[in-house]
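Please open the model in your viewer and keep the selection panel at hand. The tour below moves from one selection to the next and says what is there.

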Amino acid sequence: MSTDQKPGGGAVEKPGGAATMRSTERIVQQGGPGRGPMGGMVGQKADDFGHSARRLLGLLRPARAKAVAVVVLGIGSVSSVVVGPYLLGKATDQVFDGFLRRAQGASQGVDFDKVGQILLLTLAIYVAGQVLGWVQGYLVNDVVQATVRRMRTDVEEKIHRLPLAYFDRQPRGELLSRVTNDIDNVAQNLQQTMSQLMTSLLTVIGVLGMMFWVSPLLALIALLSVPIAMVTTGRIMKRSQKQFINQWRQTGRLNAQVEESISGHALVTVFGRRQAVEAEFDAANEELYQSSYRAQFISGLVMPVMMLVGNLNYVIIAVVGGLRVTSGALTIGEVQAFIQYSRTFTQPITQIASMANLLQSGVASAERVFELLDAPEEVDAWTPGPADAAVAAGARRPQTRGEVVFDDVSFSYAPDEPLIEHLSLVARPGQMVAIVGPTGAGKTTLVNLVMRFYELDGGRITLDGTDIAAMSRADLRSRIGMVLQDTWLFEGTIRDNIAYGRPDASEDEIRAAARATYVDRFVHSLPEGYDTRVDDEGSNLSAGERQLITIARAFLAQPSLLILDEATSSVDTRTELLLQQAMAALRTDRTSFVIAHRLSTIRDADLILVMESGRIVEQGTHAELLAADGVFARLHAAQFAATHG
């Protein structure tokens with residue numbers, strides 16, 4: 001397929017084109033590894049952690065009722081953790097007081113009935129807490145998975161609303177990394193942190209209340225560890241957040257490089273550039289290793305620091321508590337309960353700190369997904385009319401004549417690099433308009449503008465007198481059929497692939513389209529006929545057979561305007577003749593734009609446009625242009641000489 005100019009003077013991918021070859025081709029042409037497909041996008045940048053985290057939590061709003069239930073169940077589950085040590089302390093006091101009375105000569109020793117009642121009550125509370133915790137975990141899983149499902153749906157719908165220019169700038173592997181790896185990472189982190197974080201916070205609040213209930217002095221001593229822990233973890237998290245952001249960006253870059261090198265494996269092998277590709281992979285892999293190592297190492301410091309603070313706090317409480325027992329201010333059971341509380345108090349704080357790396361990693365991935373969701377979309381500036389309402393109600397849209405007018409059209413991919421300037425032309429209904437010219441002349445850009453893949457910088461394009469900017473994109477594209485050089489088939493039967501052009505078509509209509517485009521001829525030689533399954537690459541069909549199926553698909557859709565972009569350039573001459581006959585049937589009674597490098601395929605064109613640098617330098621019929629002895633004649637002579645040289 002031909003390529004047109006894009007920002008930076010490179011090649012822009014056409015719909016259905018092989019964008020995945022671009023990075024590999026660059027390596028082959030340059031003779032060594034370049035900067036990688038991500039270019040300058042891999043730099044570190046401190047994103048807004050708080051804003052992204054709040055936005056991520058905002059995704060839970062549709063499940064607010066279940067979220068409230070999770071909080072209520074969490075409170076019930078934490079209550080068992082909070083009350084348990086206090087009851088065990090009472091049991092310890094009963095045992096100690098009983099032995100003390102016996103030592104003092106009293107007849108009554110330990111009241112084991114009382115101790116048993118306390119222990120049974122404690123056991124019941126702990127069991128109830130575990131049951132509530134299990135139900136809470138079930139609800140958390142339901143909330144998280146439903147939230148991630150909505151996120152995936154939003155991303156999928158967003159992708160279909162993005163302009164083609166977005167995909168021109170975005171490496172395919174990087175986009176796939178956002179849609180798969182980053183969303184999976186968000187799901188994993190929400191699952192792990194949502195329940196634990198809430199439970200830990202509730203535990204801290206509940207335990208802190210019981211600590212003040214037992215001993216305000218010891219509670220104040222325990223609280224001294226909180227600011228130390230917060231300051232320490234805050235500084236560590238600030239440094240590690242940058243590394244987590246960079247880690248996921250490097251992951252996207254590596255995915256893009258791997259996807260492109262695998263797609264271009266044949267090219268790499270033919271040109272013997274395996275070492276260059278491996279060098280680029282090693283460089284990207286090393287950068288990912290370094291950023292991942294730094295992110296995990298720095299965030300991993302949180303846990304040992306918190307353990308150290310917790311152990312120091314434990315020692316101080318044990319010493320001060322012992323002194324309070326000797327002075328009679330506290331009982332042994334109360335000190336025992338408080339020591340348990342101090343451990344329980346330190347543990348959730350340590351868990352919260354240990355989840356810092358998970359939170360940062362998850363929020364970093366969420367930021368990348370939000371960047372995709374916030375990307376500018378295609379906007380239709382149109383108002384539905386009566387005809388649109390009738391079509392929405394099930395009526396067929398009136399057939400258009402197919403007259404296309406370019407009126408003083410200007411367009412450029414970059415403001416400082418004009419491509420098409422003040423172009424005007426008229427394609428009459430039923431005409432075959434061929435567009436020829438060297439690579440980068442603007443041929444495919446011209447038809448992309450008709451499809452509204454890009455917006456004009458100046459002028460207008462009309463279809464049957466209506467400015468296409470005043471039409472919805474869906475309406476416009478429903479009137480246009482497109483056949484590309486690179487065939488696209490999805491996994492399914494041949495029948496399904498043909499019917500993709502019009503899903504409501506009947507079996508008779510599908511077979512009629514197949515007969516008109518010569519698909520029926522080879523389908524009957526297949527064991528399962530129209531039920532023959534093809535994979536997404538169509539590897540069990542020849543290139544010509546795949547192309548015939550795409551032509552049949554366009555034929556079935558019955559478009560008013562047809563665009564053929566190098567549809568026969570990748571097949572042999574014999575197959576080309578068959579494709580030409582199929583396309584001739586497809587072009588009957590409809591306006592068609594044909595982009596061609598093989599000038600022999602456009603002899604019968606009603607109008608041939610010769611483009612150079614975004615301008616039409618010649619136009620006329622095949623015979624007229626040859627007689628003019630201009631640019632077209634030179635192209636024709638060069639191609640004829642190359643064919644017969």
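Which residues in α18 meet which residues in α20? In this predicted model, select E509, I510, A513 and A516 in α18, and you will find them meeting A552, F555 and L556 in α20. Sorted by class, the residues of this contact are six nonpolar, no polar and one charged.

Now widen the selection to the whole of helix α18, residues 507–516, together with helix α20, residues 543–557, whose axes come within 9 Å and cross at roughly 125°. An angle of that kind falls in the class that counts as oblique, and α18 and α20 are therefore oblique to each other. Their crossing is right-handed.

Next, select helix α10 (residues 274–300) and helix α11 (residues 302–326), where the axes come within 5 Å and the crossing angle is roughly 5°. Because angles under 35 degrees count as roughly parallel, α10 and α11 are described in that way. The contact brings I298, S299 and G300 of α10 to V302, M303 and P304 of α11, and its residues divide into four nonpolar, two polar and no charged.

Finally, turn to strand β5, residues 432–436, in which five of the five residues are buried. On one side lie M432, A434 and V436, on the other V433 and I435, and all of these are buried, so that both faces are covered.

How values were computed: Residues numbered from 1 in each chain as written. Predicted model: local features only at pLDDT ≥ 70, side-chain atom pairs only at ≥ 80, totals over all residues. Heavy atoms only, no water. Axes fitted to C-alpha atoms, helices over the stretch in contact; angles between N-to-C directions. Helix = DSSP H or I, 4+ residues; strand = E, 2+ residues; numbered from the N terminus. Parallel < 35°, antiparallel > 145°, perpendicular 65-115°, else oblique. Contact = heavy atoms within 4.5 Å. Nonpolar A, V, L, I, M, F, W, Y, C, P; charged D, E, K, R; others polar. Left-handed = near helix turned anticlockwise from the far one by under 90°. Buried < 20%, exposed > 50% of the residue type's maximum accessible area, 1.4 Å probe, protein only.
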